[in-house]
Amino acid sequence: MFNPARWPLRTKLLASIVTLFVVIIAIIGAATVLTTRNSLMTQVDAQLADAQRSLGGPGEGDAPGHTDGYHRAAPGLGGSMLRLTIDASSTANTIRTSENVVLTPGSISTLSKAQVLTLWNSSLGTAPQTVDVGGGLGTYRLVAVSRSNGDVTIVGMPLEPIDRNVGELARNIALMGLLGLVAVGGASFLLVRSNLRPLRRVAATAERVSEMPLGRGDARTDERVPTVDTDPRTEVGTVGLALNNLLDHVDSALDAREESEMQVRQFVADASHELRTPLASIRGYAELSRRETEPVPPSVTHALGRIESEAGRMTTLVEDLLLLARLDAGRELEREPVDLTRIVVESLSDLHAAGPDHVWHLDLPEDLDEVPEVVGDEARLRQVVINLLANARRHTPPGTVVTAGLAREGDDVIVRVTDNGPGIPAEFTPHLFERFTRGDVARTRTEGSTGLGLSIVHAVVTAHHGTVSVESEPGNTRFTVRLPIEPRGRLASPEAAGA
Ligand SMILES: Nc1ncnc2c1ncn2[C@@H]1O[C@H](COP(=O)(O)OP(=O)(O)OP(=O)(O)O)[C@@H](O)[C@H]1O
Ligand SMILES: [Mg+2]
C-alpha cells in the first residue's frame, strides 16, 4: 500500500533525497537544454541576418562588389542552406524561380514545386521564421529579401542540426542524471543508515527495558543507553539522555517501593511474632482457669471456653500471617526429601477424624514406588495438603465425597484434592489465591475462617517452584498442585528472590 506517512524514517529520508535530486537534475537539465537551443537559434538567426545583408536586405545594403552575396552567405550549421529566388513576375499559379538550391552536406538538390509553393504561401519577411518545408527536408529558419530588381530571395537554414544537437545534449544530461541518481541513492542509503544507527541503539535499549519484568520485587533496570548516544547536542543524544534519566527515576522508584514493601513485611513478621507469646499466655491462663476445681458459675466456664477457642483461632491466624510474611521476605525453606505419599495418607486420616460426616477417598497409584520423594520443606508441604483437605471439608456439606490423589507426571509429582461439593462460583476463582479471600463471608467468618489458607498454599507451592490451579463446577471441584521432584535454585518466593 502506498502510504508514505507509514514509511520508516529511513525510507522517508531516502525517498526525499532521491526526489529532490531528480527534481534538481530535471530543472537544471531543462534550463541547459533551453538555453543551448536558444543560443543555437540566435546563431542561425545571426547567419541569416548576415546573408540578408549581403543580398541587399535591410542590414547594410548591398556591399559593393558583392551583389550576388551567394558566397558571403556561407552555408550555415552542418553546412546546410537553402536559397530560392522568385521572379518578380510570379503569381501563385505560376511561380518562376531563377535560383533554387538546397545545399546539404554531401549533396546539392532543388526544391520541389510543392515545397516552393509552401514557401510562397508562408508570407516570409525580414524577420526569421520557422517553417516546415515538407518533403523530407524538415523545418527551416527562413528570411525573405526583396532584391533591387523586384525579385525575392528566400534564404533558409535547417533546424535539424540544432534539434539533433539539443536532443543529444538532453540524452547526455538524462544519462548523467541517471548515473548520478544511482550514486546519490546508494550514498544516501549508506549515510542515512549510519546516521540512524544511534537512534536504533536507543530504541533497542528502550525495547529491552520494556521486556523486563519491572513488576517483580527484585526488578532492576541495569539497561542504559550507551554514553556515545547521550550527547545532548544531538537530537538522538537528547532522547538517549532523557531515556537514561527516566530509567534512573524508575530505578529509584522501584528501590523505594521495595524498601517500603520490605518494611511492611518486616512489620507484619515482627507483629505476628510479638503476638505469639501473649496469645500463648492467654490460652494457658484460660485453660488453667477452666481446670479450676473450685466451683465456678457456668457462665464463667462458658466465657473461659470461648476465650480459649478464640485465642486458639487467633494463634492460627498469627501463625499464618507470620508464615506468609516470612515467605514474602524471601526466607528460604528447608530442603529435604519429602515423602508426599505419607503426608497425603496422614493428612487424610487426620481430616477423616475431624470430619466423620464426609466420605474420604484415597487415590494412589498401584505401585507406590511410582511416586518418588520430592525435595522441599516437609512441614510447609503438609500444610498445603491439610489446607486443601480442610477446605474440602469446611466449604462442602456433610456427605460430600473428598478424594486425595497422588501421581507422577514427568519430572513432577501431582497432588489432587477433588470433591463433589457445591463448587466455587466462577467469578470468584480468579481471586481465590489472594489473601483474605472468602466465598461466603457471612458463613465462613462465623466458622473461624480467615481466607489465608489458599494464599498460603499458593505461596508455599510457588516457593517450591511448583504451580497450583483449580477447576470448579457444581459437583466437581478440583485443586491440582504440581511440584517438581528436584526443584532448581533456592526454595523461596520468586517475588522476593532479590530480597
Ligand atoms: N473445596 C471447596 N469447595 C468450595 N469452596 C471452596 C473450596 N475451597 C475453597 N473454597 C472457597 O475459597 C475460599 C478461600 O479459601 P481459603 O482456604 O483461602 O480461605 P478459608 O478456607 O475461607 O479460610 P482459612 O483457610 O484461612 O481458614 C473459601 O472461603 C471458600 O469460599
Ligand atoms: Mg481454607
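Select aspartate 412: its bridge partner is proline 484 in S13. The strands S11 and S13 pair in the antiparallel sense over eight bridges; pairing requires that DSSP finds at least two bridges between two strands. Helices (H or I, at least four residues) and strands (E, at least two) are DSSP runs, numbered from the N terminus. This is a predicted model, in which local features need pLDDT of at least 70, side-chain atom pairs count only at pLDDT 80 or more, and totals for chains, interfaces and linings use all residues. Residues are numbered from 1 along each chain as its sequence is written, chains are lettered from A and ligands numbered from 1 in the order in which they are written, and side-chain values use heavy atoms, with hydrogens and water left out.

Next, show S10 beside S11. Eight bridges join these antiparallel strands, and threonine 403 stands opposite threonine 418 in S11. Their hairpin has two residues between the strands, and glycine 410 there takes a positive phi near 65°. Seven of the eight residues of S11 are buried (under 20% relative accessible area; exposed is over 50%, partly exposed in between; 1.4 Å probe, protein chains only).

Now select phenylalanine 433 and phenylalanine 479. How are the planes of their rings arranged? The ring centres are 6.5 Å apart and the planes stand at 90°, so the pair is edge-to-face. Rings of Phe, Tyr and Trp (its six-membered ring) pair if their centres lie within 6.5 Å; planes under 30 degrees apart count as stacked, over 60 as edge-to-face and the rest as tilted. Phenylalanine 433 lies in the loop between S11 (412-419) and H8 (441-446) and phenylalanine 479 in S13 (476-484), so the pair ties together parts 46 residues apart in sequence. Phenylalanine 433 is buried at 18% relative accessible area, and phenylalanine 479 is buried at 6%.

Phe479 also belongs to the largest nonpolar core, which has 44 residues. Such a core is a set of buried Ala, Val, Leu, Ile, Met, Phe, Trp, Tyr and Cys residues joined through side-chain atoms within 4.5 Å. H9 gives the most to this core, with seven residues. Select leucine 388 to find contacts (heavy atoms within 4.5 Å) with Val417, Leu454, Val457, Phe479 and Val481, leaving aside residues up to four places away in sequence. A second, separate core of 17 residues includes Ala51, Leu103, Val143 and Val155.
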